[in-house]
Amino acid sequence: MDFQIMDNAESLSTCIISFRVPQLDLGSLVDSDDEEDIIPENSLSSAGKYKLKYEQYKTEMKEGYKWYSQRKAEKTKSNITHEQSPRNKIGDKYVQKEEEITDDLTSLDRKALLQQGYADNPYNALQNTRKSDSEIVVAEKKKQTVAEQVMIDQLSRAVISDPEQNVTTEKQASAPILPESNIAPLRVRKRTLHETKIRTQSALTENMLSHKVQFDSRIISRNGRDACRELIGFFFTHDQSLTIYEYRKFGKNRTNVLPFIQKNIYSHQRGRRKGKQYQLGDFYIGANLTFLSSDHPRLPESIKENTLLILRITNIDQIVLDSLRTDSVEHEDDINSQEANDRLAFKAIQDKLKKQLHKRGVRILTGLAKYFQQIDKEGNGLLDKADFEHALKLFHLEVSEKDFESSWLILNDNGNGKVDYGEFKRAIIGEMNEYRKSFVRKAFMKLDFNKTGSVPIIDIRKCYCAKKHPQVISGHTTEEEIKLSFLETLKGDCSKSDGVSYGEFEDYYEGLSIEIVDDEDFVNILRTPWGI
């Protein structure tokens with residue numbers, strides 16, 4: 001007969017064997033290990049292999065019964081914990097939050113605040129550790145791959161393409177050629193291996209290239225494809241040069257490493273240090289590197305549309321950086337103090353606006369970004385002074401005339417009367433740190449698996465999971481209600497009704513980030529519903 005065990009709530013297991021056995025008492029199998037095993041006569045009369053099958057079957061049933069009992073006990077304990085824990089008294093907590101909310105909040109503000117509930121439901125520590133460890137291994141492997149490619153490019157290709165290789169050719173080409181000679185001039189034929197030097201005077205050695213600091217960077221752009229590019233750079237201290245490579249992944253196993261910024265000595269193109277060469281002190285987490293897009297013809301067309309390419313350093317090898325700083329001597333100048341004063345001026349404005357954005361951050365930031373896009377008639381992201389003043393008044397963001405003038409003088413460093421609205425928003429409102437932003441990019445990259453820079457609403461709806469929201473766990477609301485509230489607040493100020501761009505996705509979580517003090521709480525808001 002077929003042997004099957006069913007529970008009232010769920011099926012524990014279904015086991016079908018090829019011989020007949022009498023009904024077994026599972027409790028006796030678990031508790032009476034010392035008792036003599038009961039083996040059906042019919043199962044042993046055939047051959048020894050049936051006895052082996054029976055032993056395996058019995059072991060599986062024992063383990064299954066133990067697992068089921070343990071799981072049932074954990075469920076009971078978990079339900080008791082949720083009922084008794086003060087942290088999980090979701091109903092009282094959200095009633096208190098509603099009392100604290102002022103009358104100027106809209107229904108969208110209240111729905112956006114629901115996303116903060118994930119911060120009260122800590123992500124599984126063990127699962128978090130496993131994911132972090134695996135991500136570290138993948139990141140280190142990626143960096144090693146890029147570093148090896150850089151060494152190959154600089155140690156081999158650099159020698160072959162060195163201009164010094166043509167010096168001998170030019171001398172030989174200038175020598176007179178006999179009329180009866182059948183040899184073509186060197187200037188019109190390819191250089192052979194015998195005419196190529198193994199090493200030139202300016203050739204690099206492995207020892208010289210070893211004195212470098214490695215860093216990760218991202219492109220500051222509202223274009224999703226460009227913002228999610230994985231860039232790894234190197235700054236070489238022996239000649240103060242730098243290079244940046246792009247790491248591309250195709251599918252699961254295929255990868256490619258390509259030069260993004262060619263190795264050369266570059267200078268600042270914006271800010272107080274405009275025209276000064278990059279030095280070791282310019283490299284730290286959060287620092288911006290600026291390049292003229294016209295100097296790099298191989299850049300993607302979407303990047304060359306802008307005059308400046310701005311990169312943000314997101315991570316850096318701090319140990320190597322500290323060791324190189326001890327060996328190098330860089331003198332501080334007046335620019336350092338001026339930059340410090342600029343940061344203090346922006347920080348004062350940000351602190352004032354943060355209070356005004358209390359519980360309204362998502363609606364204000366997403367609405368502000370949409371408004372800037374609408375009035376940007378030329379589509380280059382540049383707006384004048386009057387546009388920004390009107391926008392602040394329209395969204396009830398009070399900035400004193402003195403603070404606005406001081407910030408405008410800093411931002412309008414080129415004196416053309418126009419400033420990029422993304423840069424203006426980051427300066428006076430602030431932005432989340434690079435640790436938080438890395439998880440925003442991970443979530444968007446998971447959704448944008450086609451790498452188009454925009455995600456359809458239908459895909460967001462499929463991927464968003466509200467099972468672990470505290471209000472869902474407590475039974476105060478349903479998964480569908482939490483999901484609908486999220487989608488309503490996300491696409492409320494999107495330029496397209498059927499899709500969300502990277503910039504809009506980032507603005508949404510930028511608004512949530514204002515209310516969250518702890519980095520790990522903010523990471524939970526992203527980890528839990530998106531599973532990253």
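1. Basis. The model is predicted, so local features need pLDDT of at least 70, side-chain atom pairs count only at pLDDT 80 or more, and totals for chains, interfaces and linings use all residues. Residues are numbered from 1 along each chain as its sequence is written, and side-chain values use heavy atoms, with hydrogens and water left out.

2. Overall make-up. The protein has 22 helices and 12 strands; helices (H or I, at least four residues) and strands (E, at least two) are DSSP runs, numbered from the N terminus. Of its 532 residues, 40% are buried. Buried means under 20% relative accessible area, exposed over 50%, and partly exposed in between (1.4 Å probe, protein chains only). Among contacts (heavy atoms within 4.5 Å) with a separation of 6 or more, 66% join residues 24 or more positions apart.

3. Helix H15. In this helix, residues 401-411, the buried residues are Asp403, Phe404, Ser407, Trp408 and Leu411. Viewed down the axis of H15, these fall within an arc of 130°, so they line one face of the helix; the arc is that of the directions from the helix axis to the C-beta atoms. Exposed residues Glu401, Lys402 and Leu409 sit on the face of H15 turned away from the buried side.

4. Helices H21 and H22. H21 (residues 502-515) packs with H22 (residues 519-530) at an angle of about 135°, and their axes are 10 Å apart. Axes are lines fitted to C-alpha atoms, for helices over the stretch in contact, and angles run from 0 to 180 degrees between N-to-C directions. H21 is therefore oblique to H22 (angles under 35 degrees count as roughly parallel, over 145 as roughly antiparallel, 65 to 115 as roughly perpendicular and the rest as oblique). H21 contributes Phe505, Tyr509, Leu512 and Ser513 to the contact, and H22 contributes Phe522, Ile525, Leu526 and Trp530. By class, seven of these residues are nonpolar, one is polar and none is charged (Ala, Val, Leu, Ile, Met, Phe, Trp, Tyr, Cys and Pro count as nonpolar, Asp, Glu, Lys and Arg as charged, and the others, Gly among them, as polar).

5. Glutamine 240. This residue lies in the loop between strand S4 (230-236) and strand S5 (241-250). Phi of glutamine 240 is near 60°, a positive value in a residue other than glycine. Its relative accessibility of 27% makes glutamine 240 partly exposed.

6. Histidine 396. The loop between helix H14 (385-394) and H15 holds histidine 396. Phi of histidine 396 is near 55°, again positive in a residue other than glycine. With a relative accessible area of 58%, histidine 396 is exposed.
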